[in-house]
Amino acid sequence: MLKSMTGYGRGTGHGAGYTVGVEIRSVNHRFREIAIRGPREWLALEDDLRRAVAREISRGRVDVYISVLPDPTVGDPAILDIALARAVKKAGDALAADLGFPDGISLRDILAIPGVVRPQEAAVDPEVARPVVKRALDAALRMLAAARRREGERLEEDARHRFSHLSRLVEEIGLLAADVPKEYRRRLEEKMQEWNLPGVVDAGRIAVEVAMLADRASIEEEIVRLSSHLGQFEAALGSREAVGRRLEFLLQEMFREFNTIGAKACSAEIALRVVDAKTVLEQLREQVQNVE
């Protein structure tokens with residue numbers, strides 16, 4: 001089952017007179033990058049938090065936000081900055097008078113100013129709160145993992161649909177390639193008729209020319225390698241491991257094989273399917289870039 005690198009999770013933990021909140025957001029990234037944000041005095045827990053996140057996530061950009069708030073049933077959960085409110089009121093009334101507005105600044109306007117009312121942070125010893133933080137982080141990680149799995153299921157369903165289309169194209173190219181020598185012979189014989197050469201060039205000479213042309217345009221090795229890459233890609237889709245980088249690598253290798261086929265094949269039918277295949281590969285690459 002594929003897992004997406006995109007998701008969101010949150011969790012809370014309750015201590016004596018305070019609540020710890022943890023929010024986690026993850027987005028796609030080439031490597032694993034974890035950023036911890038929270039009260040400065042909680043930096044002592046950063047390494048433990050980072051290790052806990054790393055055990056669950058192997059790839060992606062992960063932002064972890066930690067907040068510590070007092071229990072509203074124990075004390076006042078908000079701080080009102082009276083001095084700032086008075087300064088805002090004075091400045092607002094002065095501006096209204098200067099501009100000729102009949103009404104000054106309202107209480108709603110004052111309360112909307114950042115910093116006038118702000119949450120009160122609880123004074124908690126980080127070491128004492130370590131178990132509470134762990135509970136909040138574990139809950140957030142579980143929610144994040146569920147979101148990443150849901151998105152991964154959608155990505156896998158889409159990838160398998162496109163994979164089936166790609167497999168059919170490779171099969172069709174292989175069948176068309178088998179007819180390339182016959183097509184070469186037909187074209188050569190048509191040219192001979194056009195140039196009035198029948199009977200001048202013997203059948204053995206024609207067979208040699210057809211064999212040489214067919215050998216130069218042979219895509220048998222490319223088809224074999226593509227079949228191998230497709231098998232590995234399908235196996236990776238069903239893996240429980242983090243396979244995003246492997247899928248990207250396989251798509252890159254398939255692009256290379258299709259480019260070679262497009263350069264070698266002198267068949268319009270094969271060229272058309274190569275274009276279709278490269279379009280599907282590009283669509284798959286866009287999806288795989290979100291896979292862990």
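Reply: We'll take one serine and then some salt bridges.

Me: What kind of model is this, and how are residues numbered?
Reply: This is a predicted model: local features need pLDDT of at least 70, side-chain atom pairs count only at pLDDT 80 or more, and totals for chains, interfaces and linings use all residues. Residues are numbered from 1 along each chain as its sequence is written, and side-chain values use heavy atoms, with hydrogens and water left out.

Me: OK, where is Ser26 found?
Reply: In strand E2, residues 18-27. Strands (E, at least two residues) and helices (H or I, at least four) are DSSP runs, numbered from the N terminus.

Me: Is Ser26 buried or exposed?
Reply: Buried, because its relative accessibility is 2%. Buried means under 20% relative accessible area, exposed over 50%, and partly exposed in between (1.4 Å probe, protein chains only).

Me: Which residues is Ser26 in contact with, leaving aside neighbours within four places in sequence?
Reply: Met5, Thr6, Gly7, Arg61, Val62, Leu144 and Arg148. Contact means heavy atoms within 4.5 Å.

Me: And what joins the side chains of Ser26 and Arg148?
Reply: A polar contact of 3.4 Å. That term means a pair of N or O atoms within 3.5 Å; within protein, one must be able to donate a hydrogen and the other to accept it, and residues adjacent in sequence count only if both atoms are side-chain atoms.

Me: New topic. How many salt bridges are there?
Reply: The count is 23. A salt bridge is a side-chain nitrogen of Lys or Arg within 4 Å of a carboxyl oxygen of Asp or Glu.

Me: Which residue forms one with Asp158?
Reply: Arg162, with the closest N and O atoms 2.8 Å apart. Both sit in helix H4 (residues 126-178); they are four residues apart, so about one helical turn separates them.

Me: What about Arg225?
Reply: Arg225 forms a salt bridge with Glu257, and the closest N and O atoms are 2.9 Å apart. This pair links distant parts of the chain, 32 residues apart: Arg225 is in helix H7 (residues 220-237) and Glu257 in helix H8 (residues 244-264).

Me: Is Glu257 buried or exposed?
Reply: Buried, at 5% relative accessible area. Arg225 is partly exposed, at 34%.

Me: Last one. Which residues are linked in a network of salt bridges?
Reply: Glu33, Arg37, Arg61 and Asp63. Arg61 is also one of the residues in contact with Ser26.
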